[in-house]
Amino acid sequence: TYAPLTVPQMFANSAAAHPDAYLADFMGRKYSYADVRLGVNRVARGLQKLGIKKGDRVGIFLPNVPHYLAAYYGAMKMGATVVNFSPLYTVDELTHQVEDSGTKLLFTLSAKALLPTALEVLDNSSLEKLVVGTVVEALPLAKSLMFRVFKGGESVDIPKRRDIIPFSEVVDNKGDCGRVPIDPRKDIALIQYTGGTTGTPKGAMLTHQNITANARQIQELDPDPTADDRIMGVLPFFHVFANATVLNRTVLRGGEIIMLPRWNAAQALKAMERTKATALPGVPTMYTALLDHPLTRKTDFSSLRVCISGGAPLPAETKAKFEAMTGAKLVEGYGLTESSGVVSCNPYEGENKTGSIGQPAPATIVKLVDKEDPNEPAPEGEPGEIVIAGPQIMYGY
């Protein structure tokens, strides 16, 4: 069993225990837990000043950038429910999910790939406000100057409107949010939309306890919980896989996230070697891309302890080749949006079964039942339907 725990309290515990440790590395700029805590508190207070109240839905339409950390934990700290949106969404997709979730305010960036879409949704939906940040705010000084000179075309001007607030204005306060009472088991921390592979995406309501229990479950899968922990954040935070395994599990442990705003094999390899990363969660196509990249043979993987593959079945050949090339363990796991992320995983140490989703996470019960009669087990050797029980299972749709 897992004691009740809210997401803000989980973050606060780690920030108090490791204030000077680094939580994030973004393109070489380091953010300590104390730095991020200040940003979280300021976002929480800034949202309150904008009229956001407990239970309101706050959307995040961002890639993996430092703004995401402050927006995600800051919104939850003041009692709001976060709604994750993919930066790849079209106007129609984003509009539908904004309306479906009742999102009142949306965080985004002044990027050409994001802001025009967000503006169109603001003008044609019930969305009330946009909070817009810039990549330059998050970069090291030298890189921010280079970005202004060479990549200015990737950004667009932020319109001057009352319903569009610069991120810098939202965090221009002392961070005096105060404590908001949150029920870990009943209050919804996150609305996470399913992939929609079998129909229209549905919003899974994940409680604070769902998220913090799953973070603790994932942490308990590691046989060496005191080892250095620098995890590659190349999977997008808006997806449940990264939200669970990269973001919340790492914060719980007090580890560091090497954040990359988009998947690029060459950038990932360079960042991995620069930071001496110890973990690389990914999907099978990522590992295949790394195997095929010419830089891979020149990269030092000696710091890498474990890689977790999810999202799709891992080909046995990919697993064998990647482990032989890097010396790291590549284990396959399984989960879904409705389980806050992770249901099962092959062990880091001991027997791995190729083509298997591994063993259930702690406090998780998995059964294979008959497709026609869920009260009966699936016939021996025949396909069935997976049913799952555990503290990470969603509150509902």
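**Entry 1: helix α11**

I looked up what covers the buried residues of α11, and the cover includes α10 (265-275), β12, α12 (316-326) and β13 (329-334). For me, contact means heavy atoms within 4.5 Å. Helices (H or I, at least four residues) and strands (E, at least two) are DSSP runs, numbered from the N terminus.

A note on the source: this is a predicted model, where local features need pLDDT of at least 70, side-chain atom pairs count only at pLDDT 80 or more, and totals for chains, interfaces and linings use all residues. Residues are numbered from 1 along each chain as its sequence is written, and side-chain values use heavy atoms, with hydrogens and water left out.

Which residues of α11 are buried? In this helix, residues 284-292, I found Pro-284, Met-286, Tyr-287, Leu-290 and Leu-291 buried. Seen down the axis of α11, these buried residues fall within an arc of 160°, so they line one face of the helix. The arc is that of the directions from the helix axis to the C-beta atoms. On the other side of α11, I noted Thr-285 and Asp-292 as exposed. My cut-offs: buried is under 20% relative accessible area, exposed over 50%, partly exposed in between (1.4 Å probe, protein chains only).

**Entry 2: the largest cavity**

I searched the whole structure and got three cavities of 30 Å³ or more. On a 1 Å grid over the protein atoms alone, a cavity is a set of points where a 1.4 Å probe fits but cannot get out; lining residues have an atom within 4 Å of a point. Grid points are joined across faces, edges and corners, and a volume is the space filled by probe spheres set on the points.

The largest cavity has a volume of about 130 Å³. Its lining has 15 residues, with Arg-249, Ala-279, Val-306, Ile-308 and Tyr-348 nearest the centre. Two or more lining residues come from each of α8 (208-220), α9 (240-253) and β12 (306-309). Which element gives the most? That is α9, with three residues.

**Entry 3: the whole protein**

I counted twelve helices and 17 strands in the protein. The C-alpha trace spans about 65 × 50 × 40 Å along its principal axes. Of the 397 residues, 53% count as buried. I also noted that residues 24 or more positions apart account for 70% of the contacts with a separation of 6 or more.

Definitions and conventions:
On a 1 Å grid over the protein atoms alone, a cavity is a set of points where a 1.4 Å probe fits but cannot get out, and a pocket is an open set with protein on both sides within 12 Å along at least five of seven lines; lining residues have an atom within 4 Å of a point.
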